[in-house]
Amino acid sequence: MGKARGRVQPGMSTRAIHSSHVGVDPGDPVVPPIVQSSTFLFSGFEEDPAEVRYTRYGNNPNQASIAEKMSVLEGMEASLALGSGMAATALTFLALLRGGEHVVASRFLYGATRKLLEEELPRRGIATTFVDPESGRDWRGAVTERTRVLFLELPTNPTLRVFDPRPVAKLAEREGVSFVVDATFGSPVNLRPAELGADAVIHSATKYLGGHSDLIAGVVSGSWGLIDEVKKMLRLYGPALDPHAAWLLERGIKTLGVRMERHNQNALELARWFEAQPEVGTVTYPGLESHPDHSLAREIMDGFGGMLGIRLKGGGAAANAFLSALRVALVAPSLGGVETLVSQPRFTSHRGLSTGELEALGISEGYVRISVGIEDVEDLRNDFQVGLEASRVP
Ligand code: PLP
């Protein structure tokens, strides 16, 4: 990386753009090429098998480039790019846990992560206790001698709660277990869990890191030792990131800084606007003073992110009418892209939960999740105005 004048550490955008650049000689490409090759020449019989390059091993040059960039952005020793966010989550658990061992996890989780812990890992003898992440007593009380992992999502999907990772990190250290954080909703621009004591950080790179809703990818960052273990799982289970998707992801990461700045700005402005609208019961956004975790978010995050939630007073019918009337924002699951996406989590990420479970997570009927994009904010406001007017119709 080139030297930035007057600073010890280059800024986030400089790191996102330059940290894995390989060209040095005149004639080298400024942008690394896509190395669309499954396999690579092998120098002879003596070569250390650990050094063999094969795209399923996660060491294709495009995959390696992502890993290098993410380690720099997260401030961690090593990283591994994988074929999806769920691949990153599942393989991290498989790397850290054996049959008979135990996870303590926040009960505020992305639906598939919860299902993995609740239904899939138990089939392999790995149990999970879900806790109220705000309660230190809950975390402490759930740890047993078989616990190996504490797990927290930050901010949470879809109700945007921000819980303090620092006491959980201290508990993990005291108990000698790993503290893993899914920081997908934060992005490294807004939140770097390693600075707050996490041992491993997971991202669905499908979201803000890629940023254009055109790829599926995941990344895990941590110590060399942990990443080596996840690599072993990658070799066996095989969810490798395709080189073309890795190349797109690297291109996306380069603009992460400016995109996040705009996501943060647009979302804050829209959250304030929604608060003043009569059709809206509550607005959920960590940047609002009314949010239960506002002061903590202010303390541990550099920006409040592009995700916000609104609860329409008219309930489910009003939410359906709101979504149907939008013309700029697109109705689709997923998040973190340049385009604004709107969804009702009870039909998408949290489908399958009972009404009681949804209510306990703050996902009431009429709750709409908005992934605020980087469009001109006036256009979004006008679009949402039309949506709110439509939501009034019985
Ligand atoms: N973690 C969080 C917080 C998510 O929101 C998602 C997807 O929505 C995932 C993990 C899974 O990511 P992917 O769809 O890339 O597998």
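The structure is a predicted model, in which local features require pLDDT of at least 70 and side-chain atom pairs count only at pLDDT 80 or more, whereas totals for chains, interfaces and linings use all residues. Residues are numbered from 1 along each chain as its sequence is written, and side-chain values use heavy atoms, with hydrogens and water left out.

The secondary structure of the protein comprises 14 helices and twelve strands; these are DSSP runs numbered from the N terminus, with helices (H or I) of at least four residues and strands (E) of at least two. The radius of gyration is 21 Å, close to the 21 Å given by the globule rule for 394 residues, so the protein is as compact as a globular protein of that length. This radius is taken over C-alpha atoms, and the rule is 2.2 Å times the number of residues to the power 0.38. Along the principal axes, the C-alpha atoms fill a box of roughly 75 × 55 × 40 Å. Of the 394 residues, 54% count as buried (under 20% relative accessible area, with exposed over 50% and partly exposed in between; 1.4 Å probe, protein chains only). Among contacts (heavy atoms within 4.5 Å) with a separation of 6 or more, 73% join residues 24 or more positions apart.

The axes of helix α3 (residues 85-96) and helix α4 (residues 111-120) come within 11 Å and cross at roughly 25°. Axes are lines fitted to C-alpha atoms, for helices over the stretch in contact, and angles run from 0 to 180 degrees between N-to-C directions. The two helices, α3 and α4, are therefore roughly parallel to each other (under 35 degrees; over 145 is roughly antiparallel, 65 to 115 roughly perpendicular and the rest oblique). Met-86, Thr-89, Ala-90 and Phe-93 of α3 make the contact with Ala-112, Thr-113, Leu-116 and Leu-117 of α4. By class, this contact of α3 with α4 has six nonpolar, two polar and no charged residues.

Helix α12 (residues 315-325) packs against helix α14 (residues 377-391) at an angle of about 140°, with the axes 7 Å apart; α12 and α14 are therefore oblique to each other. In this pair, Ala-318, Ala-321, Phe-322 and Ala-325 of α12 meet Asp-383, Phe-384, Val-386, Gly-387, Leu-388, Ala-390 and Ser-391 of α14.

Val-72 lies in helix α2 (residues 61-74) and is partly exposed, with a relative accessible area of 26%. Val-72 and Ser-221 are 149 residues apart in sequence and 9.8 Å apart in space, C-alpha to C-alpha.

Notes. Ala, Val, Leu, Ile, Met, Phe, Trp, Tyr, Cys and Pro count as nonpolar, Asp, Glu, Lys and Arg as charged, and the others, Gly among them, as polar.
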